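Dear colleague,

I am handing over the structure we spoke about, and below it I have written out what was found in it. Please keep it open beside you while you read.

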Amino acid sequence: MNNGFIRTAAASLKIKVADPDYNKEEIKKVIDMAVEENVKILVTPELSITGYTCADLFFTKALQEKADEALCELIEYTQDKNILVFVGMPIYSKGKLYNCAVALFDGDIMSITPKSNIANYNEFYEKRWFTTIGKEEIFCSRYNKYLSNHLISLDRNDEIVVGVEICEDLWVTNPPSSTMSINGANIIVNLSASDEYVSKAEYRRSLIANQSARCIGAYIYAGAGVHESTTDLVFSGATIIAENGTIIAEGERFSRDNVLTIADIDYEKLNTLRQKNMSFNTLDSDDEIEFDCSDIDNSENDLKYRYVDAHPFVPYDDEKRKERCQEIFNIQAAGLAKRLEHVGSSGAVIGISGGLDSTLALLVSVQAMKLIGKSSSDILGVTMPGFGTTDRTYNNAIDLMKSLGVSIKEISIKEACIQHMKDIEHDSSIKDITYENTQARERTQILFDIANKHGKLLVGTGDLSELAMGWCTYNGDHMSMYGVNASVPKTLVRYLVEYVAGISDEKTKEILLDILDTPVSPELLPPDENGKIAQKTEDNIGPYELHDFFLYQFVRFGFTKEKIAALACKAFDGKYDTVTIDKWLTVFFKRFFISQFKRSCIPDAPKVGTVSLSPRGDWRMPSDASFNAFI
């Protein structure tokens, strides 16, 4: 299976200027390298057959004929190689010369695309040699093909569609790739010859990444290398592959050998994102998908050239993670501050357990109070010891509230729960779901009534991962007046608390670090014989890092179970085996589907990332949908 991926490559070549015979042999070498790695799309630089810096030699018959001979040999060389190859060369037709990208596949020319925007400023003076055709088509008798900007479809379902740009086409105000993308191209290739000077490389990277994001597509960029003429300019051989705003592969610049930069592009992800983005349905143009290359075999992909992030919600880089946490914390606090002001609340009520989620909600509430000019003492923190409360979490809850200057109220729920279980004729020695949920609902009732009594807003503490897995008691901790954590996944909650710890005073920091070191638990079952937490969430439903990974891949991109499993095996290689991943992935899908009824009526909450399960926003799903087709 290819899992919705296609392997692509951008090449920078070791060439000789104005020597097509030499250059075609180097192109053959990179074709062989690419075929060896199961690459399906290979892009070489602008005018790769002749070299970009031939200048007035482009006018000469000898160079044109040699380029033609080289192209014919390369056409034949692609026979039975199952790879789409883009080469660049000048093509003569009807008294004019065109700078073209020629697509070769299985011994034939698939398309000839002329450069749409001729660079003719500063160091560039291409209009001296080349002509542009605009939107019209020019028939080239020599190759029995039209020179056009049509797209290339690589499969009969048009799931992989390629558009072609040449260098300057990317740098103009309205790149051709924008229109190509609207018309179905999800992979753009760019045969380029972009020279180097100070700061240009970073700008080029940004341009490529941004265009791939605007197009919700992939962008394969192959630049001319150091063996071009250095009369006035130096070229670096930049090779870059971007996908939806992210550089996923980049080759070495200034290499004196051939460079082949390879990446596995997730075209299925791109297509899913486009389906969700209605902007792609609002525009149209006259372009068509003219050429069909449906015989390409893309049946397998082992993800060798694909980095899969095991923690997609959490940036790997420390500085970026700190910036992300700061931004999310500010969004949470701003959302709560607005709601507090709108309802005219005198403050907030929060149930504080000493666990991660209630800690983050408390920290957000303290910040929200600062934003609206209120004291942290206007927050009423309620700790409600139950049958499973341990000394560690209880003490952390009390200590944290004291350290933050929060008003504290302690209410034991044990007697109330015992009485309630008597009322409903439940044996309290049977520690089942009724035993657990009795405590969760008792706590929620207390919090709502206290909020009403004091004219305060009850702030919810549950996070995105718990909502996804249904790990909350319906009309218990599932409910509040505003849920500040509802779109924050569990793997990120930990880092948000860690971020606040880093900017807190030493006493608060010490408490927060101990909370971070405490096992995740609802503490609804009695502690063990040593007084420690006996009920650990991840023992019951599986590791949160796996479930957050599954959640991201399924909700964001709609991937199948098989594809998510393949990605997880790559991401968690060496940590979880295939059997373990399949086990918890099945658990995820079943729990996700049967828990939708809980998500259909969750309170308002601020969206902080690309994945949210709000029934009013990002995720709308019937509560009684079957999971059979998904497992």
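This is a predicted model: local features need pLDDT of at least 70, side-chain atom pairs count only at pLDDT 80 or more; totals for chains, interfaces and linings use all residues.

Strand β3, which runs over residues 84–93, is mostly covered, since 9 of its 10 residues are buried.

Most residues other than glycine have a negative phi. S199, which is not a glycine, has a positive phi near 80 degrees, and this residue lies in the loop between β10 (187–192) and α5 (200–214). L303 is not a glycine either, and its phi is also positive, at about 65 degrees; L303 belongs to the loop between β15 (289–292) and α7 (318–343). Are these residues buried or exposed? S199 has a relative accessibility of 54% and therefore counts as exposed, the cut-off being over 50%, whereas L303 has a relative accessible area of 4% and is therefore buried, the cut-off being under 20%.

The loop between β15 and α7 also holds E300, which counts as exposed because its relative accessibility is 55%. What does E300 touch, once its neighbours within four places in sequence are left aside? The residues in contact with E300 are then M1, N2 and N38. Although E300 and N2 are 298 residues apart in sequence, their C-alpha atoms are 4.1 Å apart in space.

Another part of the chain to look at is an open sheet of 5 strands, in the order β18-β17-β16-β19-β20, where the pairing is parallel. The strands at the edges are β18 (407–410) and β20 (482–483), and each has a single partner strand, so one side of each is left without a neighbour in the sheet. Strand β17, residues 379–383, runs parallel to β18 and is joined to it by 4 bridges, with T383 standing opposite E410 of β18. Helix α9, residues 391–404, lies across β17 and β18 and runs at about 165 degrees to β17. Helix α11, residues 433–454, packs on the sheet as well, where it touches β16 (348–351), β17, β18 and β19 (457–460), and its direction makes about 160 degrees with that of β16.

Helix packing comes next. Two packed helices are described by the angle between their axes and the distance between the axes. Helix α8, residues 356–371, and α9 have axes that come within 12 Å and cross at roughly 10 degrees; an angle under 35 degrees counts as roughly parallel, so α8 and α9 are roughly parallel to each other. On the side of α8 the contact is made by T359, L362, L363 and V366, and on the side of α9 by L400, M401 and L404. By class, these residues divide into 6 nonpolar, 1 polar and no charged.

Helix α16 (residues 544–557) and helix α17 (residues 561–571) pack at an angle of about 135 degrees, and their axes are 10 Å apart, which is why the two are described as oblique to each other. The crossing of α16 and α17 is right-handed. In this contact α16 contributes F549, F550, Q553 and F554, while α17 contributes I564, L567, A568 and A571; by class there are 7 nonpolar, 1 polar and no charged residues.

Lastly, here is the protein chain as a whole. Its secondary structure comes to 19 helices and 20 strands, and 57% of its 631 residues count as buried. The C-alpha atoms fill a box of roughly 100 × 50 × 45 Å, taken along the principal axes. Of the contacts in the chain with a separation of 6 or more, 75% are accounted for by residues 24 or more positions apart.

With best wishes

Conventions
Residues are numbered from 1 along each chain as its sequence is written. Side-chain values use heavy atoms; hydrogens and water are left out. Axes are lines fitted to C-alpha atoms, for helices over the stretch in contact, and angles run from 0 to 180 degrees between N-to-C directions. Angles under 35 degrees count as roughly parallel, over 145 as roughly antiparallel, 65 to 115 as roughly perpendicular and the rest as oblique. A crossing is left-handed if the near helix is turned anticlockwise from the far one by less than a right angle, and right-handed if clockwise. Contact means heavy atoms within 4.5 Å. Ala, Val, Leu, Ile, Met, Phe, Trp, Tyr, Cys and Pro count as nonpolar, Asp, Glu, Lys and Arg as charged, and the others, Gly among them, as polar. Buried means under 20% relative accessible area, exposed over 50%, partly exposed in between (1.4 Å probe, protein chains only). Two strands pair if DSSP finds at least two bridges between them.
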